[in-house]
Amino acid sequence: MKAATFESLNGKGLKYNDYEYKKRLEHVKKIVVEHPQYQEVYEEIEEVHIISRESVQASHLYVYGLTGVGKTTIVKQYTDNFCRQLTETGTIITALYVKVPPRLKTPKALASKILGEMGDLFANSGTDEEMGRRIIQYARECQLELIILDEFQHLIDRETHNVLATASDWLKLLTEELNIPVILCGLPESNAIFEYNEQLDGRYPRRILLEPFGFGDKVQQKQFRIFLKTLDEGLPFSEISNLSDPSLASKMHYVTEGVPRYVKDILIEATKLSLKRGLDQINEDSLHDAFHRITRSNQIHAINPFGDNHFDYFNAVATKQMKDEAFIKSHSQNAISKRKTKKIQS
(Lines give C-alpha, C1' and ligand atoms only; values in the text may rest on other atoms or scores of the structure.)
Protein backbone atom coordinates (compact mmCIF):
# COMPACT_ATOMS: atom_id res chain seq x y z
CA MET A 1 0.00 0.00 0.00
CA LYS A 2 1.03 3.58 -0.60
CA ALA A 3 1.95 5.92 2.21
CA ALA A 4 -1.07 8.25 2.54
CA THR A 5 0.77 11.56 2.16
CA PHE A 6 -2.25 12.94 0.31
CA GLU A 7 -5.78 12.78 1.67
CA SER A 8 -8.51 10.83 -0.09
CA LEU A 9 -10.71 12.92 -2.37
CA ASN A 10 -13.69 10.63 -1.63
CA GLY A 11 -15.18 11.35 -5.03
CA LYS A 12 -15.02 15.11 -4.57
CA GLY A 13 -13.45 16.54 -7.72
CA LEU A 14 -10.98 19.41 -7.54
CA LYS A 15 -11.17 22.39 -9.87
CA TYR A 16 -8.22 23.77 -11.80
CA ASN A 17 -8.31 27.02 -9.80
CA ASP A 18 -8.35 25.20 -6.48
CA TYR A 19 -5.19 25.51 -4.34
CA GLU A 20 -5.15 21.76 -3.66
CA TYR A 21 -5.47 21.01 -7.38
CA LYS A 22 -2.49 23.20 -8.21
CA LYS A 23 -0.43 21.85 -5.32
CA ARG A 24 -0.93 18.25 -6.40
CA LEU A 25 -0.26 19.01 -10.06
CA GLU A 26 2.99 20.80 -9.24
CA HIS A 27 3.95 17.79 -7.14
CA VAL A 28 3.76 15.55 -10.23
CA LYS A 29 5.87 17.94 -12.28
CA LYS A 30 8.62 17.89 -9.65
CA ILE A 31 8.93 14.11 -9.39
CA VAL A 32 12.40 12.90 -10.39
CA VAL A 33 13.20 9.20 -10.55
CA GLU A 34 16.89 8.45 -10.10
CA HIS A 35 16.95 5.28 -12.19
CA PRO A 36 20.24 3.41 -12.98
CA GLN A 37 21.10 5.44 -16.11
CA TYR A 38 20.36 8.65 -14.23
CA GLN A 39 22.66 7.59 -11.40
CA GLU A 40 25.42 6.60 -13.84
CA VAL A 41 25.50 10.03 -15.46
CA TYR A 42 25.21 11.87 -12.13
CA GLU A 43 28.04 9.87 -10.57
CA GLU A 44 30.22 10.36 -13.66
CA ILE A 45 29.77 14.14 -13.46
CA GLU A 46 30.62 13.99 -9.76
CA GLU A 47 33.76 11.96 -10.43
CA VAL A 48 34.96 14.29 -13.20
CA HIS A 49 34.36 17.22 -10.85
CA ILE A 50 36.25 15.75 -7.91
CA ILE A 51 39.30 14.35 -9.73
CA SER A 52 39.79 17.64 -11.62
CA ARG A 53 40.24 19.76 -8.49
CA GLU A 54 43.80 21.10 -8.42
CA SER A 55 44.70 18.74 -11.28
CA VAL A 56 47.28 19.65 -13.92
CA GLN A 57 44.76 18.57 -16.55
CA ALA A 58 41.00 18.75 -16.04
CA SER A 59 38.78 15.90 -17.20
CA HIS A 60 35.76 16.50 -19.41
CA LEU A 61 32.53 14.65 -20.18
CA TYR A 62 30.00 14.59 -23.02
CA VAL A 63 26.43 13.46 -22.27
CA TYR A 64 24.08 12.98 -25.19
CA GLY A 65 20.71 11.48 -25.99
CA LEU A 66 17.32 12.08 -27.56
CA THR A 67 14.94 14.78 -26.40
CA GLY A 68 13.19 13.88 -23.17
CA VAL A 69 15.56 11.21 -21.82
CA GLY A 70 16.52 13.37 -18.84
CA LYS A 71 19.84 15.02 -19.72
CA THR A 72 18.88 18.50 -18.57
CA THR A 73 17.19 17.20 -15.41
CA ILE A 74 20.37 15.44 -14.33
CA VAL A 75 22.84 18.24 -15.04
CA LYS A 76 20.62 20.91 -13.52
CA GLN A 77 20.11 18.86 -10.39
CA TYR A 78 23.89 18.51 -10.08
CA THR A 79 24.58 22.25 -10.39
CA ASP A 80 21.63 23.10 -8.12
CA ASN A 81 23.44 21.28 -5.31
CA PHE A 82 26.00 24.10 -5.24
CA CYS A 83 24.40 27.32 -4.08
CA ARG A 84 26.15 30.61 -4.79
CA GLN A 85 27.87 32.04 -1.72
CA LEU A 86 28.24 35.76 -1.10
CA THR A 87 31.46 36.58 0.74
CA GLU A 88 33.28 39.77 1.66
CA THR A 89 35.56 39.34 -1.36
CA GLY A 90 32.89 38.39 -3.89
CA THR A 91 30.61 35.58 -5.06
CA ILE A 92 31.66 31.93 -5.03
CA ILE A 93 30.17 29.91 -7.90
CA THR A 94 31.25 26.28 -7.60
CA ALA A 95 29.26 24.88 -10.56
CA LEU A 96 27.69 26.83 -13.42
CA TYR A 97 24.86 25.68 -15.71
CA VAL A 98 24.59 27.44 -19.09
CA LYS A 99 22.16 26.72 -21.92
CA VAL A 100 23.85 27.30 -25.29
CA PRO A 101 21.71 29.84 -27.18
CA PRO A 102 20.13 28.82 -30.53
CA ARG A 103 21.09 30.39 -33.88
CA LEU A 104 24.64 30.69 -32.67
CA LYS A 105 26.57 32.31 -35.53
CA THR A 106 29.61 33.55 -33.59
CA PRO A 107 31.26 32.76 -30.22
CA LYS A 108 30.04 36.10 -28.89
CA ALA A 109 26.49 34.88 -28.19
CA LEU A 110 27.82 31.92 -26.17
CA ALA A 111 30.40 34.06 -24.36
CA SER A 112 27.70 36.58 -23.50
CA LYS A 113 25.45 33.84 -22.10
CA ILE A 114 28.26 32.45 -19.93
CA LEU A 115 29.17 35.91 -18.63
CA GLY A 116 25.51 36.68 -17.95
CA GLU A 117 25.11 33.50 -15.90
CA MET A 118 28.21 34.51 -13.96
CA GLY A 119 26.62 37.83 -13.11
CA ASP A 120 28.56 40.14 -15.43
CA LEU A 121 26.55 43.37 -15.83
CA PHE A 122 28.26 44.04 -19.18
CA ALA A 123 27.85 40.54 -20.58
CA ASN A 124 27.15 41.78 -24.12
CA SER A 125 30.16 44.06 -24.45
CA GLY A 126 33.58 43.31 -25.90
CA THR A 127 35.11 41.24 -28.69
CA ASP A 128 35.19 37.44 -28.68
CA GLU A 129 38.73 37.51 -27.27
CA GLU A 130 37.92 40.10 -24.59
CA MET A 131 34.85 38.21 -23.46
CA GLY A 132 36.85 34.99 -23.31
CA ARG A 133 39.44 36.67 -21.09
CA ARG A 134 36.69 37.99 -18.80
CA ILE A 135 35.21 34.50 -18.47
CA ILE A 136 38.60 33.17 -17.37
CA GLN A 137 39.07 36.07 -14.95
CA TYR A 138 35.58 35.65 -13.43
CA ALA A 139 36.04 31.88 -13.20
CA ARG A 140 39.15 32.38 -11.07
CA GLU A 141 37.61 35.10 -8.93
CA CYS A 142 34.45 33.03 -8.34
CA GLN A 143 36.50 29.87 -7.64
CA LEU A 144 34.55 28.13 -10.40
CA GLU A 145 35.18 24.37 -10.48
CA LEU A 146 32.85 23.13 -13.22
CA ILE A 147 30.77 24.40 -16.17
CA ILE A 148 27.91 22.54 -17.83
CA LEU A 149 26.97 23.62 -21.36
CA ASP A 150 23.54 22.26 -22.29
CA GLU A 151 21.99 22.21 -25.80
CA PHE A 152 25.46 21.66 -27.27
CA GLN A 153 23.90 20.86 -30.67
CA HIS A 154 23.31 24.59 -31.16
CA LEU A 155 26.92 24.74 -32.36
CA ILE A 156 25.51 23.26 -35.57
CA ASP A 157 23.72 25.62 -37.97
CA ARG A 158 20.09 24.50 -38.13
CA GLU A 159 19.63 25.54 -41.76
CA THR A 160 22.89 24.36 -43.34
CA HIS A 161 23.66 21.58 -40.80
CA ASN A 162 27.27 22.79 -40.85
CA VAL A 163 29.35 22.97 -37.69
CA LEU A 164 29.95 26.56 -36.62
CA ALA A 165 33.73 26.53 -36.92
CA THR A 166 34.60 29.72 -35.04
CA ALA A 167 32.32 28.83 -32.14
CA SER A 168 33.71 25.30 -31.76
CA ASP A 169 37.31 26.59 -32.01
CA TRP A 170 36.57 29.26 -29.40
CA LEU A 171 35.07 26.63 -27.09
CA LYS A 172 38.11 24.41 -27.51
CA LEU A 173 40.43 27.27 -26.51
CA LEU A 174 38.20 28.19 -23.57
CA THR A 175 38.25 24.65 -22.11
CA GLU A 176 42.02 24.66 -22.47
CA GLU A 177 42.49 28.01 -20.73
CA LEU A 178 40.02 27.37 -17.91
CA ASN A 179 41.45 23.97 -17.00
CA ILE A 180 38.27 22.99 -15.17
CA PRO A 181 35.74 20.35 -16.28
CA VAL A 182 33.40 21.56 -19.03
CA ILE A 183 30.52 19.10 -19.31
CA LEU A 184 28.85 19.16 -22.72
CA CYS A 185 25.26 17.99 -23.05
CA GLY A 186 23.21 17.68 -26.24
CA LEU A 187 21.31 15.73 -28.85
CA PRO A 188 23.03 12.86 -30.75
CA GLU A 189 23.62 15.05 -33.82
CA SER A 190 26.07 17.12 -31.77
CA ASN A 191 28.57 14.29 -32.34
CA ALA A 192 29.20 15.97 -35.71
CA ILE A 193 30.97 18.78 -33.84
CA PHE A 194 33.60 16.35 -32.56
CA GLU A 195 33.99 14.84 -36.02
CA TYR A 196 34.67 18.31 -37.38
CA ASN A 197 36.94 19.59 -34.61
CA GLU A 198 39.65 17.00 -33.88
CA GLN A 199 41.20 18.96 -31.02
CA LEU A 200 37.87 19.31 -29.22
CA ASP A 201 37.25 15.65 -29.98
CA GLY A 202 40.48 14.71 -28.21
CA ARG A 203 39.43 16.54 -25.06
CA TYR A 204 36.27 14.44 -24.72
CA PRO A 205 37.23 10.75 -24.67
CA ARG A 206 34.51 10.00 -22.10
CA ARG A 207 31.01 10.06 -23.56
CA ILE A 208 27.75 8.70 -22.20
CA LEU A 209 24.64 7.97 -24.24
CA LEU A 210 21.46 8.39 -22.21
CA GLU A 211 18.76 6.23 -23.79
CA PRO A 212 15.00 5.73 -23.38
CA PHE A 213 13.83 2.66 -21.49
CA GLY A 214 13.67 -0.44 -23.66
CA PHE A 215 10.95 -3.08 -23.58
CA GLY A 216 12.34 -5.77 -25.85
CA ASP A 217 13.16 -8.38 -23.19
CA LYS A 218 12.29 -9.25 -19.61
CA VAL A 219 15.24 -7.34 -18.14
CA GLN A 220 14.25 -4.13 -19.93
CA GLN A 221 10.61 -4.62 -19.02
CA LYS A 222 11.54 -5.05 -15.36
CA GLN A 223 13.63 -1.84 -15.39
CA PHE A 224 10.77 0.13 -16.95
CA ARG A 225 8.26 -1.30 -14.48
CA ILE A 226 10.54 -0.33 -11.56
CA PHE A 227 10.67 3.19 -13.00
CA LEU A 228 6.86 3.30 -13.21
CA LYS A 229 6.50 1.90 -9.69
CA THR A 230 8.74 4.63 -8.29
CA LEU A 231 6.77 7.28 -10.18
CA ASP A 232 3.53 5.77 -8.93
CA GLU A 233 4.68 5.98 -5.32
CA GLY A 234 5.34 9.67 -5.79
CA LEU A 235 1.99 10.58 -7.36
CA PRO A 236 -0.26 12.94 -5.33
CA PHE A 237 -2.97 10.39 -4.58
CA SER A 238 -3.88 8.38 -1.52
CA GLU A 239 -3.83 5.07 -3.43
CA ILE A 240 -1.44 3.32 -5.82
CA SER A 241 -2.34 3.49 -9.53
CA ASN A 242 -0.69 0.13 -10.37
CA LEU A 243 1.29 1.65 -13.23
CA SER A 244 3.85 -1.16 -12.96
CA ASP A 245 1.24 -3.83 -13.72
CA PRO A 246 2.71 -5.81 -16.69
CA SER A 247 -0.22 -5.07 -18.99
CA LEU A 248 -0.48 -1.39 -18.09
CA ALA A 249 3.31 -0.99 -18.27
CA SER A 250 3.30 -2.34 -21.84
CA LYS A 251 0.68 0.26 -22.79
CA MET A 252 2.65 3.03 -21.11
CA HIS A 253 5.79 2.07 -23.01
CA TYR A 254 3.91 1.83 -26.30
CA VAL A 255 2.59 5.41 -26.12
CA THR A 256 5.80 6.92 -24.67
CA GLU A 257 8.47 4.74 -26.31
CA GLY A 258 10.16 4.62 -22.91
CA VAL A 259 11.08 8.32 -22.92
CA PRO A 260 10.83 9.65 -19.33
CA ARG A 261 9.54 13.08 -20.36
CA TYR A 262 6.72 11.53 -22.39
CA VAL A 263 5.82 9.32 -19.44
CA LYS A 264 5.62 12.44 -17.26
CA ASP A 265 3.56 14.25 -19.91
CA ILE A 266 0.81 11.64 -20.00
CA LEU A 267 0.84 11.26 -16.21
CA ILE A 268 0.42 15.02 -15.78
CA GLU A 269 -2.63 14.99 -18.07
CA ALA A 270 -4.02 11.87 -16.39
CA THR A 271 -3.49 13.51 -12.98
CA LYS A 272 -5.49 16.56 -14.07
CA LEU A 273 -8.38 14.38 -15.17
CA SER A 274 -8.28 12.18 -12.07
CA LEU A 275 -8.25 15.17 -9.71
CA LYS A 276 -11.21 16.76 -11.47
CA ARG A 277 -13.09 13.45 -11.24
CA GLY A 278 -12.38 13.05 -7.53
CA LEU A 279 -10.38 9.85 -7.97
CA ASP A 280 -7.79 8.62 -5.49
CA GLN A 281 -5.59 7.12 -8.20
CA ILE A 282 -4.99 7.30 -11.95
CA ASN A 283 -7.08 4.68 -13.71
CA GLU A 284 -7.11 3.52 -17.33
CA ASP A 285 -10.05 5.75 -18.15
CA SER A 286 -7.97 8.79 -17.18
CA LEU A 287 -4.99 7.48 -19.17
CA HIS A 288 -7.27 6.79 -22.15
CA ASP A 289 -8.55 10.36 -22.14
CA ALA A 290 -5.08 11.78 -21.43
CA PHE A 291 -3.76 10.04 -24.56
CA HIS A 292 -6.10 12.14 -26.72
CA ARG A 293 -4.94 15.36 -25.04
CA ILE A 294 -1.32 14.90 -26.10
CA THR A 295 -0.04 15.35 -29.64
CA ARG A 296 3.33 14.02 -30.78
CA SER A 297 4.37 14.18 -34.42
CA ASN A 298 6.20 10.84 -34.30
CA GLN A 299 3.16 9.04 -32.88
CA ILE A 300 0.57 9.89 -35.53
CA HIS A 301 -0.06 6.19 -36.25
CA ALA A 302 -0.23 5.08 -32.62
CA ILE A 303 -3.50 3.63 -31.38
CA ASN A 304 -4.91 4.34 -27.95
CA PRO A 305 -4.17 1.14 -25.98
CA PHE A 306 -5.76 2.16 -22.69
CA GLY A 307 -8.97 0.31 -21.94
CA ASP A 308 -8.15 -2.36 -24.55
CA ASN A 309 -8.11 -5.72 -22.76
CA HIS A 310 -6.69 -7.44 -25.85
CA PHE A 311 -3.81 -5.07 -26.47
CA ASP A 312 -0.68 -6.87 -27.73
CA TYR A 313 2.41 -4.70 -27.34
CA PHE A 314 4.68 -6.31 -29.95
CA ASN A 315 1.96 -6.58 -32.61
CA ALA A 316 0.95 -2.96 -32.00
CA VAL A 317 4.55 -1.75 -32.28
CA ALA A 318 5.10 -3.70 -35.51
CA THR A 319 1.89 -2.32 -37.04
CA LYS A 320 2.80 1.23 -36.10
CA GLN A 321 6.29 0.86 -37.57
CA MET A 322 4.86 -0.41 -40.86
CA LYS A 323 2.50 2.56 -41.08
CA ASP A 324 5.31 4.96 -40.20
CA GLU A 325 7.58 3.50 -42.91
CA ALA A 326 4.80 3.64 -45.50
CA PHE A 327 4.07 7.25 -44.54
CA ILE A 328 7.74 8.26 -44.85
CA LYS A 329 8.06 6.47 -48.19
CA SER A 330 4.94 8.14 -49.54
CA HIS A 331 6.13 11.59 -48.48
CA SER A 332 9.59 10.97 -49.98
CA GLN A 333 8.05 9.96 -53.30
CA ASN A 334 5.80 13.03 -53.27
CA ALA A 335 8.81 15.26 -52.58
CA ILE A 336 10.75 13.71 -55.49
CA SER A 337 7.72 14.10 -57.78
CA LYS A 338 7.36 17.78 -56.85
CA ARG A 339 11.04 18.43 -57.55
CA LYS A 340 10.78 16.77 -60.96
CA THR A 341 7.67 18.80 -61.80
CA LYS A 342 9.36 22.02 -60.72
CA LYS A 343 12.43 21.18 -62.84
CA ILE A 344 10.30 20.52 -65.94
CA GLN A 345 8.38 23.77 -65.43
CA SER A 346 11.58 25.77 -65.09
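Buried means under 20% relative accessible area, exposed over 50%, and partly exposed in between, with a 1.4 Å probe and protein chains only. Helices (H or I, at least four residues) and strands (E, at least two) are DSSP runs, numbered from the N terminus.

Before going on, some housekeeping. This is a predicted model, where local features need pLDDT of at least 70 and side-chain atom pairs count only at pLDDT 80 or more, while totals for chains, interfaces and linings use all residues. Residues are numbered from 1 along each chain as its sequence is written, and side-chain values use heavy atoms, with hydrogens and water left out.

The axes of H10 and H12 come within 12 Å and cross at roughly 10°. That makes H10 roughly parallel to H12. Show Leu248, Lys251, Met252 and Val255 of H10 along with Glu284, Leu287 and Phe291 of H12, and you have the residues that make the contact. For the angles, axes are lines fitted to C-alpha atoms, for helices over the stretch in contact, and values run from 0 to 180 degrees between N-to-C directions. Under 35 degrees counts as roughly parallel, over 145 as roughly antiparallel, 65 to 115 as roughly perpendicular, and the rest as oblique.

At the start of H12, zoom in on Asn283, where a side-chain oxygen reaches to within 3.2 Å of the backbone nitrogen of Asp285.

Next, pick Asn10, in the segment before helix H1 (19-30). Asn10 is exposed, at 68% relative accessible area. Leaving out residues up to four places away in sequence, Asn10 touches Gly278 and Asp280. Asn10 and Asp280 are 270 residues apart along the chain, yet their C-alpha atoms are separated by 7.3 Å. The Asn10 side chain also makes a polar contact with the side chain of Ser8, at 2.9 Å. A polar contact is a pair of N or O atoms within 3.5 Å; within protein, one must be able to donate a hydrogen and the other to accept it, and residues adjacent in sequence count only if both atoms are side-chain atoms.

For a contrast, go to Lys320 in helix H13 (residues 313-345). Lys320 is buried, with a relative accessible area of 6%. Its contacts beyond four places in sequence include Tyr254, Glu257 and His301.

Finally, the sheet: five strands, open, in the order S4-S5-S6-S1-S7, with parallel pairing. Strands S4 (95-99) and S7 (207-210) stand at the edges with a single partner strand each, so one side of each lacks a neighbour in the sheet. Strands pair if DSSP finds at least two bridges between them.

Select S1 and color by burial: five of its five residues are buried, so S1 is largely enclosed by the rest of the structure. Leu61, Val63 and Gly65 lie on one side, Tyr62 and Tyr64 on the other. Four bridges join S1 to S6, with Leu61 partnered by Ile183. Another four join S1 to S7, where Tyr62 stands opposite Arg207.

Key:
Contact means heavy atoms within 4.5 Å.
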